[in-house]
Amino acid sequence: MKRDDNTTKKIDEKLQGKALNFNKAAGNHKKVFIESYGCQMNMNDSEIVASILLKQGYNTTTNIDEADLILLNTCSIREKAETTVRNRLKHFNKLKQQKPQTKIGLMGCMAERIKEKIFDEEKLVDLVVGPDAYRDFPKLINELEDGRKAVNVLLSKEETYADIEPVRLNSNGVSAFVSITRGCDNMCTFCVVPFTRGRERSRDPESILKEIQILQDNNFKEVTLLGQNVDSYLWYGGGLKKDFDKQPEAIKKQAVDFAQLLDLVAKKFPDIRIRFSTSNPQDFSLEVIKTMAKHNNIAKHIHLPVQSGSDRILQLMNRKHTVAEYKEKIDAIRKYIPDVAISQDMIAGFSTETEDDHQATLDLMDYVKYDFGFMFAYSVRPGTLGAKKLADDVPHHIKLRRLREIIDKQQAHSLYRMQQFIGKEVEVLIEGDSKKSDKHWMGRNSQNAVVIFEKTGMEKPGDLVKVKVNDCTSATLFGQKV
Ligand code: SAH
Ligand code: F3S
């Protein structure tokens, strides 16, 4: 037995009894290298795939040169995300010349969007797997091993990978993602997600609680419940969200919605800090706000993407709320949870956006004064209603100018929000060393602000400590442990 295998075996033995999937199994001789792009859901999907492949004889590796299989978990959300993957593929030309037996696979949204056409466009790709087809990996790998190209891009009505315990990749051992829904039924006209991730379905709450229990047993201290639209979570025994209305009353009565799920998780795991992402304003309910207010272990942060501050643009985007309704939700959130952090996603330069529409976005930002945000120039996605029915008529340089104005305003607001913490004590969950210095810890407070403070030798990652804030930038708080 090689030394490596011995070490692996020892680690495996140490973990025995604690049911957390490790990224190596002693008998495995093949290696998979997984690189993830895009959203948190993709990061979590990679962990699910690593778990499936572990049972197929593949350990994960972070050294691409020793990989038998390279998987890129891709994103399609903007054109740039796809260009990044295509550029990355070019790097593999040399590798494939040196080691022709290495197989290269695309998974995730780009695989789903382009399907087997990618084999013609990118000659070195051997495998294409869509987000609902990961269970098919064993069969697909057999096909690869027979020297064939392999593809499965079928979308599913039921798949939630509920029973698959993810292998925690790149984990800090403190916080982890737990998927609760898959797909999206909203059909925002700019968004490719409903086409790449299919219709919305929710995961059995039992399996969610079980996964969090395993994380807790392994000393994890924070979970982020994930979905494209978590507020739309609805468990009624399985199946698509859109089929809920057709269910008999008895089934409907027993359904669990997102506020109830949050409540269940918060009650069962008082020592775990709970986050969730992403919320959609149209589905975000007062019940969720009240549940957050009720439980101290639910983090005081809501990511509530609005995309635009203009009613006309929101309508064109097929967002199902007005600016006034959005502001009402913001007011309700602040009423129940006064010290909450609110963050946004914005799109600059959507079809027909005028200077007035853009100004309305800036005005809404002034109203909310978001803690932070993710801001993008509109990028037309093939297949969406935006691509089919609406002109991409805002010139690129104008999109970029508006985006800059949005980003500048956000930076000013972020700085303002961070300054409010100066002189105050915040509760920080330590995640690990600060990137810049191993004499400092990095963690986050409940509002999701990054906090850096000097180590005292008394604390470790996973500890919840009090820090007095004495300085900040627009993105980071600095302080001292109290
Ligand atoms: N509900 C999802 C949204 C996914 S997309 C979630 O879980 O986050 C994330 C963000 O990307 C969107 O909120 C939107 O601001 C941005 N986005 C989506 N499609 C886009 C496009 N075609 N062009 C520019 N930005 C886009
Ligand atoms: Fe996309 Fe809108 Fe769903 S942004 S993920 S279609 S809520």
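**Ground rules.** Since the model is predicted, local features need pLDDT of at least 70 and side-chain atom pairs count only at pLDDT 80 or more, while totals for chains, interfaces and linings use all residues. Residues are numbered from 1 along each chain as its sequence is written, chains are lettered from A and ligands numbered from 1 in the order in which they are written, and side-chain values use heavy atoms, with hydrogens and water left out.

**Domains.** I looked up the domain assignment, whose bounds come from an automatic or database source. It gives domain 1 (8-152) and domain 2 (425-481). I noted 35 Å between the centres of domain 1 and domain 2, taken over C-alpha atoms.

**Salt bridges.** My rule here was a side-chain nitrogen of Lys or Arg within 4 Å of a carboxyl oxygen of Asp or Glu. By that rule I have 41 salt bridges. I picked out Lys30 and Glu145, whose side chains meet at 2.9 Å, N to O. Lys30 lies in strand β1 (residues 30-36) and Glu145 in helix α6 (residues 137-145), so this pair ties together parts that are 115 residues apart in sequence.

Lys30 is partly exposed at 32%, and Glu145 is partly exposed at 45%.

Next I checked Glu112 and Lys115, a salt bridge with its closest N and O atoms 3.9 Å apart.

Asp146 is exposed at 55%, and Arg148 is partly exposed at 47%. I also jotted down a network, in which salt bridges with shared partners link Asp45, Asp132, Arg182, Arg197 and Arg201.

**Negative patch.** Patch members have over 30% relative accessible area and no salt bridge, and like charges are joined within 9 Å. Asp and Glu count as negative, and I place their charges at CG of Asp or CD of Glu. I found Asp311, Glu325, Glu328 and Asp331 gathered in such a patch on the surface. Which element gives the largest share? Helix α13 (residues 323-336) does, with three residues. Asp311 sits in helix α12 (residues 311-316) and is partly exposed at 39%.

I came across a cis peptide bond between Ser277 and Thr278, with omega about 5°. Thr278 belongs to the loop between β13 (273-277) and α11 (286-294).

Gln307 is not a glycine, yet its phi is positive, about 75°. I place Gln307 in the loop between β14 (301-303) and α12, buried at 6%. Lys369 also has a positive phi, near 50°. This residue is in the loop between α14 (355-368) and β16 (372-377) and is partly exposed at 30%.

**One last contact.** Gln228 is in the loop between β10 (222-226) and β11 (234-235) and is partly exposed at 22%. I noted that Gln228 and Asp185 are 43 residues apart in sequence and 9.5 Å apart in space, C-alpha to C-alpha.

Conventions: Patches are made of residues with over 30% relative accessible area and no salt bridge: like charges are joined within 9 Å, nonpolar side chains (Val, Leu, Ile, Met, Phe, Trp, Tyr) within 5 Å. Accessible areas come from the Shrake-Rupley method with a 1.4 Å probe; for residues, only the protein chains shown count as cover. Helices (H or I, at least four residues) and strands (E, at least two) are DSSP runs, numbered from the N terminus. Buried means under 20% relative accessible area, exposed over 50%, partly exposed in between (1.4 Å probe, protein chains only).
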